[in-house]
Every structure is written in C-alpha cells, then in structure tokens.
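Hi,

Here is the model I promised to pass on.

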2 protein chains.
Amino acid sequence: MSRVSIRLVLDDPAVPGAAIGPGKAALLRGIESAGSIAQAAKGLRMSYARAWSLIDELNRLFTEKLVDTETGGRKGGGAHLTELGRAVLALYDDITNDTNARHADALARLPRKPSAND
Amino acid sequence: MSRVSIRLVLDDPAVPGAAIGPGKAALLRGIESAGSIAQAAKGLRMSYARAWSLIDELNRLFTEKLVDTETGGRKGGGAHLTELGRAVLALYDDITNDTNARHADALARLPRKPSAND
C-alpha cells in the first residue's frame, strides 16, 4: 500500500538541512508515550546518544524547547514534550494524515508491480 | 520559510525502503529537461553511476519503466521520461504543491528562532 511520508523543512541558515521527518516525529511520539528519552530510543532501536543529539537539534530550532527533561540528569530523570513539542508533533501528524487522505486514490492508481507477497 | 517536502513510500517486499523523495524527483525533472541522464546528474552534482542506479531502481518499481534510454549505449544516447514517468513526477509535484498550499498558514505560525540572516 503506497503512502506519503512528509518532512517539515525548516530552512535555517544556522542549521543546514534542519528538518523534522519520520524519524524525529517517531522520537517525539516515543517520548510523549514513554516519558523518557532512554525508553523512547530503546523502542526505536536508536542509541541514547543519537536520540539525545536529535532532541538537542530539535530544541534549538524554535523559540522554545520541544522536549523538557526533568531533574535527575540526562539519563536519570524523565522527559516530556512541551506544549510547543505537542503542537509540532500534532502538526506533523495532521499534515501526514490529511495528505494521505486527499491523495489516497491517486496513490492507489499507481501501476505497481505485483510483488511476491501480494 | 518553512515548507513540506514529501516522499512517496512504495511499500514493496522485494525492495525494502522503496520510495520517491526529493532526490529522485529532481533527477526525473532533470532528465525531462536535459534529455540525458549524464546531463541531469551533472546538474545535480551527482555521479553518473549514482544517477543510473537510482533510475534502475525507479524502473523496477512499476509495471513500466519511468525512464527510457535511447540507442547509443548508456552514456552515448539520450534519455526521456515515459508517459508513466511524467505521470509519477506530476503526481509528486501535485501532492507537494497541494500540501504546501493547504498548510502554509500553520507552517508560517511555527515559532521559529530569528536567524542571523533574517
């Protein structure tokens, strides 16, 4: 089943290539549900260092952080999405769902090769 | 200026990760305007081998090729988009433009940090 995935491309002279795609969206979603960067990273089979680096990048893109960490140190405490973090994730999901709903018929009409599993 | 870029994700058990994103779309567009894979690759600062490998991948995803090469050998002859190639590129562009138009206001409301160049 073909579908559309999106990237929010945030043209930023200070951060070349700044964008929020499926990977960062999944990380934000994982933090929202797990309440922890370490748990979210584990669920995505991503290293903690990689997850932290993506969060740090996200937190520098907007006027406020998207993810807030609680006392207890980087690994010790929990983490949660800020109001802006929830809004950005909601916008990502909204655009993804809306785009897929609008173009579902055209995507289904693409003459894909029948695959071995069909 | 924030914007949305898209990937057409073509779930295909035979080709894990099969998708058409901005890179392949730009390559198809380059071939359409240059009439040559070599010229299109050059315009995108992409190696000829890389461009050929992307085209080969694209040509295996659908019931028909997206790019047809003319006699003269891989480097010798020209190349052009097939009817299906033009239709896939048009769909890619249509979804991109439609999505950006629909969500322009929400994207503009994201509280981006003022950058040094603003």
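Across the interface of chain A and chain B there are 17 residue pairs in polar contact, both residues at pLDDT 80 or more. By polar contact I mean a pair of N or O atoms within 3.5 Å; within protein, one must be able to donate a hydrogen and the other to accept it, and residues adjacent in sequence count only if both atoms are side-chain atoms. On the chain A side, strand S1 (2-10) and helix H5 (83-108) are the elements that give two or more residues, with H5(A) giving the most, eleven residues. (Helices are DSSP runs of H or I, at least four residues, and strands runs of E, at least two, numbered from the N terminus.)

A caution: this is a predicted model, where local features need pLDDT of at least 70 and side-chain atom pairs count only at pLDDT 80 or more, while totals for chains, interfaces and linings use all residues. Residues are numbered from 1 along each chain as its sequence is written, chains are lettered from A and ligands numbered from 1 in the order written, and side-chain values use heavy atoms, with hydrogens and water left out.

Back to the strands: S1(A) runs antiparallel to S1(B) (residues 2-10), and nine bridges join them; pairing takes at least two DSSP bridges. Arg7(A), for one, has Ser5(B) as its bridge partner.

There are also two salt bridges between the chains, meaning a side-chain nitrogen of Lys or Arg within 4 Å of a carboxyl oxygen of Asp or Glu. Arg102(A) makes one with Asp98(B), the closest N and O atoms being 2.7 Å apart.

Cheers
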